[in-house]
Amino acid sequence: MSLESLGWGPDFDLALSTSQSASNTPLVPGRVVRQHRGLLTVQTADRAFLARAAGRLLHQAESAESLPTIGDWVLLQPPSGDGEALMQVVLPRRSVLKRREAGSEHDGQLIAANVDVVFLVAGLDANFNPRRIERALTLAWNSGATPVVILSKADLAPDAAARVLEVQALAPGVDVLAVSAKAGLGIEEVRARLPAARTGVLLGSSGVGKSTLANKLLDAARLVTQPVREDDDRGRHTTTHRELFVLDQGGLIIDGPGMRELGLWGEDEKVSLAQAFADVFTLAEGCRFNDCGHGNEPGCAVTAAVKAGTLPEERRANFEKLQREQAFAARQTDPAAQREHKRVQRNQSRQGAQRAHTKRRGD
Ligand SMILES: Nc1nc2c(ncn2[C@@H]2O[C@H](COP(=O)(O)OP(=O)(O)OP(=O)(O)O)[C@@H](O)[C@H]2O)c(=O)[nH]1
Ligand SMILES: [Mg+2]
Ligand SMILES: [Zn+2]
């Protein structure tokens, strides 16, 4: 198996020669193709190794985010006998997909590295929720990869075409595909986005059909799938590890467990929020005040668009919610933002008290 067939590109050549010359033991390049809890499998040109991070790599890591994850290119020191290989170097990533760790405001949890396309999968069944797609898009833009929305189980939706239009309105400039793995619909359109050496990752809640689609792309039932529960339509978290598969056509696809929540965090999201809500940002340029909250402010162009029916109210509300979430995340790390938040809160409670007072007087 050649490294090219695993997605190796010329951009890694330089990184490799630099890292090789800095090391005195001969290291072997390979890609992390399977991740089950802490256990990684690395595929090299010759064979697959079970691998763990070398002590040096663990010590040098600035955070968990610098440790190897699925899709990473690493340099290995092969074991002398049957043991595990040691990962000594993680090559610089072309892209990295991460989400906020549940319960933590700081650490991003890595989902995959060096992906070119993020397939956001949402089922066209009872669980269909465009708001969730909007959130996931922000995360995808932030990764450096290109998002593509897949509306799966299209065979269950008589109005699939209308849903596609609905999601297209939420995601300007993003491809939205109606797909049915069961009926074999839209599969070629997914395939077309994974030419040789390009890596895609399937992202979405448990039970939306990620593994079923991956199987279809692989043309073989190699991945475990399971029916969703009848009563609540929720999946069962069938897939418990992440794995990278090479398709016949040469593209690569990563399947993994479903995710309950795609948290947002950190400063970088400002960029992705601007991309995911480019239409709202453009409207906001027309607001009278620079710090317009797009609520009841006079001269607010966003509110005007909602009233005129050109911007759906839910989209405005979701934009506001994501902005709030982001501001919250920013406050966790930025003292100036914390002070500003306290100041605004104090003003608000003072105004609230004044209003209550005025009202009582008016009674
Ligand atoms: N009707 C219909 N059902 C589908 C389709 N694709 C998948 N399913 C069903 O949806 C259920 C869940 O599919 P999986 O592929 O296991 O879902 P998953 O996203 O991999 O779930 P996790 O591994 O738990 O994250 C299974 O019963 C599939 O048969 C489809 O195109 N149409
Ligand atoms: Mg699965
Ligand atoms: Zn405004």
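Visitor: How many bridges join S9 to S10?

Guide: Strands S9 and S10 run parallel. Strands (E, at least two residues) and helices (H or I, at least four) are DSSP runs numbered from the N terminus, and two strands pair if DSSP finds at least two bridges between them. The number joining S9 to S10 is 4.

Visitor: On what basis is the model described, and which element has the highest confidence?

Guide: This is a predicted model, in which local features need pLDDT of at least 70 and side-chain atom pairs count only at pLDDT 80 or more, whereas totals for chains, interfaces and linings use all residues. Residues are numbered from 1 along each chain as its sequence is written, while chains are lettered from A and ligands numbered from 1 in the order in which they are written. The pLDDT is the predictor's confidence in each residue, from 0 to 100, and the protein averages 80. Helix H11 (residues 335-362) has the lowest mean, 59, and the highest, 96, belongs to strand S10 (residues 175-178).

Visitor: How many contacts does the model have for residues 263-269?

Guide: Where pLDDT is low, the predicted coordinates should not be read in detail. Over residues 263-269 the pLDDT stays under 50. Two residues are in contact if their C-beta atoms, placed from the backbone, lie within 7 Å. Beyond four places in sequence, the number of contacts for this stretch is 20.

Visitor: Which residue in S9 is the bridge partner of Val117?

Guide: Strand S8 (residues 117-123) pairs with S9 in the parallel sense over 7 bridges. The partner of Val117 in S9 is Thr146.

Visitor: Through which helix does the chain cross from S8 to S9?

Guide: Strand S8 and strand S9 are parallel. Their β-α-β crossover is right-handed: with the strands pointing away from the viewer, the path from the first strand over the helix to the second runs clockwise. The connecting element, residues 130-143, is helix H3.

Visitor: Is Glu297 buried, exposed or partly exposed?

Guide: Glu297 lies in the loop between helix H8 (278-284) and helix H9 (301-308), where its contacts beyond four places in sequence are Phe289 and Cys292. A residue is buried if 20 or more other C-beta atoms, placed from the backbone, lie within 10 Å of its own, exposed if 12 or fewer, and partly exposed in between. Because Glu297 has 14 C-beta neighbours inside 10 Å, the class is partly exposed.
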